[in-house]
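Let's sit down together and learn to read a few features of a protein model, one question at a time. Have the sequence and the 3D view open as we go.

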Amino acid sequence: FHSFLQRSTFATTHYRTPLDIRIGDARMGEAMPADASLRRRRQIQVRFTLDDNVRAATLTLLRNGEPIAQQNIRGPALSETQNEIVFEDFDNLETVSLRNARYHPAPFVVYHVRLEDAHGGTAWSSPIWIDLI
């Protein structure tokens, strides 16, 4: 379990786009152990703010580097306000976990999000790791 690691950040190629994800009490950049409820269901909470020039964007949830859900976002409500979207993942962690990774041989799952706006700007969150220990 890597609770001592703090790697919370986001990156962007365009407008400054604050972006944050959480799974339960875990913030982006953190690792957490998978308890019984997390093994069955995860809620991934995403908060972001877009520049007032952006009227459309696509938010993609990635698990283990692969897209698993997407939300198209449109409208004037996006400008300069904090937006929130919640994704749910019901896949069993045992079946989707990564195993025998070079630097982390124990099974784990990693989530992060990518936010792409209609002007070509992209923002990425830090991941959240869930260890199956």
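A: Let's start with a salt bridge: Arg63 forms one with Asp91, and their closest N and O atoms are 2.9 Å apart. Arg63 lies in strand β6 and Asp91 in the loop between β8 and α2 (93–96), so the pair ties together parts that are 28 residues apart in sequence. Keep in mind that this is a predicted model.

Q: How many salt bridges does the structure hold?

A: There are nine salt bridges. One of them joins the side chains of Glu84 and Arg47, at 3.3 Å from N to O. This pair links distant parts of the chain, with Glu84 in strand β8 and Arg47 in strand β5, 37 residues apart. Glu84 is partly exposed at 46% relative accessibility, and Arg47 is partly exposed at 26%.

Q: How should I read a sheet, and what is the strand order here?

A: In general, strands of a sheet pair through backbone hydrogen bonds, either parallel or antiparallel. Here, an open sheet of four strands runs in the order β3-β2-β5-β8, with antiparallel pairing. β3 (26–27) and β8 (82–89) stand at the edges with a single partner strand each, so one side of each is left without a neighbour in the sheet. Inside the sheet, β2 (residues 19–23) and β5 (residues 42–49) pair in the antiparallel sense over five bridges. Leu19 stands opposite Phe48 in β5.

Q: And loops: where is Asn64 found, and is Asn64 buried or exposed?

A: Asn64 sits in the loop between β6 (56–63) and β7 (66–74). With 18% relative accessibility, Asn64 counts as buried. Beyond neighbours within four places in sequence, Asn64 is in contact with residues including Val96, Leu98 and Phe108.

Q: What about Asp51, buried or exposed?

A: Asp51, in the loop between β5 and β6, counts as buried at 18% relative accessibility.

Conventions: Residues numbered from 1 in each chain as written. Predicted model: local features only at pLDDT ≥ 70, side-chain atom pairs only at ≥ 80, totals over all residues. Heavy atoms only, no water. Pairing = 2+ DSSP bridges. Helix = DSSP H or I, 4+ residues; strand = E, 2+ residues; numbered from the N terminus. Buried < 20%, exposed > 50% of the residue type's maximum accessible area, 1.4 Å probe, protein only. Contact = heavy atoms within 4.5 Å. Salt bridge = Lys/Arg side-chain N within 4 Å of Asp/Glu carboxyl O.
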